[in-house]
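Subject: Structure for you to look through

Hello,

Here is the structure you asked to take over. Please open it first and keep it beside this email while you read.

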Amino acid sequence: MLHNKAMHPACKSTCQQHGLGGQPVFMPPCRPLCTPFRRHQSGHTVQCNAVQHRFGVPLIRTFEQPQPSRKSFTVQSTAAQVTVNGKSVDGFGGPLPDTEYCIINFYHLVDVPNPDQVVASHKAWLAERGYDIRGRIYYSSQGANCQFGGRTEEALAYVSWLLSQPLWEGVRYSAWPAHTHMYPKLRLKVKPNLISMAGGVGCMPVTRPEARATPLEPAAWKEMIAGAEAKGVVVMDLRNDYEWDAGHFVGAPRPDEEEFAETPVGEGEEDVPSPVRGVDPDTPVMMYCTGGIRCDIYSAFLKAKGFKNLYTLEGGIQHYLRHEGSAHWNGSLYVFDGRMAIGPPGATGADGELATLAAAVDPAAPSGHGLPAAVPCQVCGCAAAELPHVNCANIDCNELFIACASCKSRLAGCCCEACMQAPRLLRPAKTDGGFYGAWGNYAEGDALGTVMSSGRSREGRVARRAKRREAMREKRARQAEERIKTRAMLREAVAKLDSESAPAESESASSLAARLKAAREARAAAQEQQQAPTAA
């Protein structure tokens, strides 16, 4: 392998240090990708075995090199007290994963003087080491909101490096096992708002702890929610409505808003979520979400509105379920990565180490397939629904819904019979869950242009999305009305059957028993006659 004169100096020196048989080979931070025409982070090219490449990440070695075992690495940080070669815990006291891959979640609300500089330094740090980190890593002038994953030693090394910086002192992170990458790519960037909320969050004093709610550790939350109904405590779910469908705390009503971004933030007295609308400001309010950032930030808005006794769940639902189990919890937990859903934890191990949520999920099915939901099937309304959510196979609908196994199969991955006659494109059914890719993956090359252009208009992407969501709401209303009518018809039929089969008041118990016995014998005789083979 020959490197050209224009090669980045750091890459060149690394190649020279790790030569094999007198020929330089690429090792971290500059490893080769065996796919031509991919760009290397330095923007330069090399000549590799007479085939010209442009390199990038994820990276693969082309020469056999003795590599250390993935489970023998050591990651240490005095700031986070993280070790891997020994029993260690993450920022919330959970066990560090011993799997090859892991998922890291954390957020931190702090004043960041120059977020652009922070992002640039983090990108450079990852690029220098060639780490294949994927996920959503957002920084703003108000802190960080990060969900990412990768190889365990690389992900933990990044966390360790971040925690060694004074700016991020006090960050508490959680680590979860994974069998592979759970995010398709890395989005490391500056984002004006750490969460999507109407009007933004830049004007809120979210970096001041006194301006936010009081955080409760899982044990304290469990104790408080146990007596919430008796004491008149409001329990409020600050997530998307479809997350509530997957699972929620007992006593928390379903959010009126389809998405958290629609949660009211107006100046009027009625511009608050329905659970606290008209409630005395002195009433205790318990707020929760998946990881904690949404309710933590929104609590600053409610506190400014005059609510005095606000409480949030420290570390979010995932922290609670890991340490307190499924007490006062119904269903499973929706997550925004390749797992899509995770279930309640297993029992405490013999050594007292709490099992992780992912341990309750079959490693061969990391998408959360088959986990119970908190609501019945949203198609038939009768059978028990199975997670994860699925998107309607009709690209013009794309409705995210939960269904039973029978409805998923019967409707070929669609949310209703009407969507089975897709005017443009019907994608393959994803009955076991998972995300759909780009439209081009499901349409023939010649037909792709027609499929795309036939759905476009001059309204713009935002207007088209609003129209689709309004159509979904109307469809849901029709489906709910149909389910109500079906249930009413069933109740009438059962009532009529009961009235016809009810014995007369004067009929004795013995005569009723005789009638029932005769009916069973007649039914059995009819079944035998139907099963008897027909004479030739």
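I begin with the largest cavity. By class, its lining holds 7 nonpolar, 2 polar and 5 charged residues. That lining is made of 14 residues, and those nearest the centre of the cavity are Asp237, Pro255, Asp256, Glu257 and Pro273. Its volume is about 90 Å³. A search of the whole structure gives 4 cavities of 30 Å³ or more.

Please bear in mind that this is a predicted model.

The chain as a whole

The protein chain has 536 residues, and 43% of them are buried. Its secondary structure consists of 12 helices and 19 strands. Take the contacts between residues at least 6 apart in sequence: 66% of these join residues at least 24 apart.

Helix α2

How far apart should the ends of helix α2 be? This helix covers residues 115-129, which makes 15 residues, and at 1.5 Å a residue they should span 21 Å.

Which residues of α2 are buried? They are Pro115, Val118, Val119, His122, Trp125 and Leu126. Looking down the axis of α2, you will find these buried residues within an arc of 125°, which means that they line one face of the helix. They pack against three elements: strand β5 (134-140), helix α3 (152-163) and strand β8 (186-190). On the face turned away from the buried side, α2 carries the exposed residues Asp116 and Gln117. Just after the helix comes Gly130, with a positive phi of about 65°.

Lys189 in strand β8

Strand β8 is one of the elements that α2 packs against, and Lys189 lies in this strand. What does Lys189 touch, if its neighbours within four places in sequence are left aside? Its contacts are Val119, Ile137, Tyr138 and Tyr139. Val119 is among the buried residues of α2. Lys189 and Tyr138 are 51 residues apart in sequence, but their C-alpha atoms are 5.4 Å apart in space. Lys189 has a relative accessible area of 39%; buried would need under 20% and exposed over 50%, so Lys189 counts as partly exposed.

Helix α7

Helix α7 covers residues 293-304. Its 12 residues should span 16 Å at 1.5 Å a residue, and the end C-alpha atoms are 17 Å apart, which agrees. Is α7 largely enclosed or largely open? Of its 12 residues, 10 are buried, so the rest of the structure largely encloses this helix. The buried residues are Ile293, Arg294, Cys295, Asp296, Ile297, Tyr298, Ser299, Ala300, Phe301 and Leu302. The elements that cover them include the strands β4 (101-109), β6 (143-151), β10 (234-237), β12 (285-288) and β13 (310-313), together with helix α6 (241-246). After α7 comes Gly306, which has a positive phi near 110°.

Helix α8 is mostly covered, with 7 of its 9 residues buried. Those residues are Gly316, Ile317, Gln318, His319, Tyr320, Leu321 and Arg322. Just after the helix, Gly325 has a positive phi of about 70°. The loop between α8 (316-324) and β14 (329-331) also contains His328. This residue is not a glycine, yet its phi is positive, at about 65°. His328 is partly exposed, and its relative accessible area is 30%.

Ala412 is another residue to check. Its phi is positive, about 55°, although it is not a glycine. Where is Ala412 found? It is in the loop between α9 (405-410) and α10 (445-454). With a relative accessible area of 32%, Ala412 is partly exposed.

The other detail is a cis peptide bond, which joins Leu387 and Pro388 and has an omega of about 5°. Pro388 belongs to strand β18, residues 384-391.

Regards

Methods: Residues numbered from 1 in each chain as written. Predicted model: local features only at pLDDT ≥ 70, side-chain atom pairs only at ≥ 80, totals over all residues. Heavy atoms only, no water. Helix = DSSP H or I, 4+ residues; strand = E, 2+ residues; numbered from the N terminus. Expected span 1.5 Å × (residues − 1). Buried < 20%, exposed > 50% of the residue type's maximum accessible area, 1.4 Å probe, protein only. Arc of directions from axis to C-beta. Contact = heavy atoms within 4.5 Å. 1 Å grid on protein atoms, 1.4 Å probe; cavity = no way out; pocket = protein on both sides within 12 Å on 5 of 7 lines; lining within 4 Å. Points joined across faces, edges and corners; volume = space filled by probe spheres on them. Nonpolar A, V, L, I, M, F, W, Y, C, P; charged D, E, K, R; others polar.
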